[in-house]
Amino acid sequence: QVQLVESGGGSVQAGGSLRLSCAASGNTYRNYCMGWFRQAPGKERERVAVISTYGGGTYYADSAKGRFTISQDNAKKTLYLQMNSLKPEDTAMYYCAAGEEIVAWRCLGGFGTFSYWGQGTQVTVSS
């Protein structure tokens, strides 16, 4: 089992920045594919950023490119999402997820299954 706990959400004005963190615990040695997702009220869940921890490489949704950066600290077993130039449309609940997809192109291409999810952290951006 893997436990994921997100933190770092909050309320900011447009143009501001936030850094989300996701602390992983438990059997994390198979967390080969990790990502950030978000869901706004009335909208479908969106894949925001993914990192292949085994094969390397990252994926960003078009909405996140150039503004968000996904990274990880293996020693701390923590995943991060640095969000800059935030916009009101970034307002959503943000979730951290982990999966065992070891093949990088499948992980980044959205073919991997994310078996573990955090409880989410709310991000609210005001105009």
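A salt bridge is a side-chain nitrogen of Lys or Arg within 4 Å of a carboxyl oxygen of Asp or Glu. Keep that cut-off in mind during the tour, and note that the model on screen is a predicted one.

**Stop 1: Asp62 and Lys65**

Select Asp62 and Lys65 and show their side chains. The two side chains meet in a salt bridge, with 3.2 Å from N to O. That value falls within the 4 Å limit, so the pair counts. Side chains of opposite charge can pair when their charged atoms come close. Is Asp62 buried or exposed? Asp62 counts as exposed, because its relative accessibility is 65% and the class begins over 50%. The structure holds six salt bridges, and some of the others come up below.

**Stop 2: Ser63**

Move to Ser63. This serine is found in the loop between β6 (58-60) and β7 (68-73). With a relative accessible area of 29%, Ser63 is partly exposed.

Now look for what touches Ser63. Leaving aside neighbours within four places in sequence, Ser63 is in contact with Arg38 and Glu46. With Glu46 there is also a polar contact, side chain to side chain, at 2.9 Å.

**Stop 3**

**Stop 4: Glu101 and Arg106**

Select Glu101 and Arg106. Here is another salt bridge between side chains, 3.2 Å from N to O. Glu101 counts as buried, at 15% relative accessibility. Arg106 counts as partly exposed, at 30%.

**Stop 5: the disulfides**

Show the cysteine side chains. How many disulfides does a search of the whole structure find? The search finds two.

Begin with Cys22 and Cys96, whose sulfur atoms are 2.1 Å apart in a disulfide. Cys22 lies in strand β3 (residues 18-26) and Cys96 in strand β9 (residues 92-99), so the bond ties together parts that are 74 residues apart in sequence. Look along the S-S bond of Cys22 and Cys96: the angle about it is -75°, and the link is left-handed. Cys22 counts as buried at 0% relative accessibility, and Cys96 is also buried, with a relative accessible area of 0%.

Then select Cys33 and Cys107. A disulfide joins them, S to S 2.1 Å. This pair links distant parts of the chain, with Cys33 in strand β4 (residues 33-39) and Cys107 in helix α1, 74 residues apart. Which hand does the link of Cys33 and Cys107 have? The link is right-handed, with 85° about the S-S bond. Cys33 counts as buried at 1% relative accessibility, and Cys107 is buried with a relative accessible area of 1%.

To see how the bonds are arranged along the chain, number the bonded cysteines in sequence order. The pairing is then 1-3, 2-4.

**Stop 6: Ser21**

Go to Ser21, which has its place in strand β3. With a relative accessible area of 17%, Ser21 is buried. Now show its surroundings. Not counting residues up to four places away in sequence, Ser21 touches Val5, Glu6, Ser7, Trp36, Thr78, Leu79 and Tyr80.

**Stop 7**

Where does Phe111 lie? Phe111 lies in the loop between α1 (104-108) and β10 (114-117).

How values were computed. Residues numbered from 1 in each chain as written. Predicted model: local features only at pLDDT ≥ 70, side-chain atom pairs only at ≥ 80, totals over all residues. Heavy atoms only, no water. Helix = DSSP H or I, 4+ residues; strand = E, 2+ residues; numbered from the N terminus. Buried < 20%, exposed > 50% of the residue type's maximum accessible area, 1.4 Å probe, protein only. Contact = heavy atoms within 4.5 Å. Polar contact = N/O pair within 3.5 Å; in protein donor to acceptor, adjacent residues only side chain to side chain. Disulfide = S-S within 2.5 Å.
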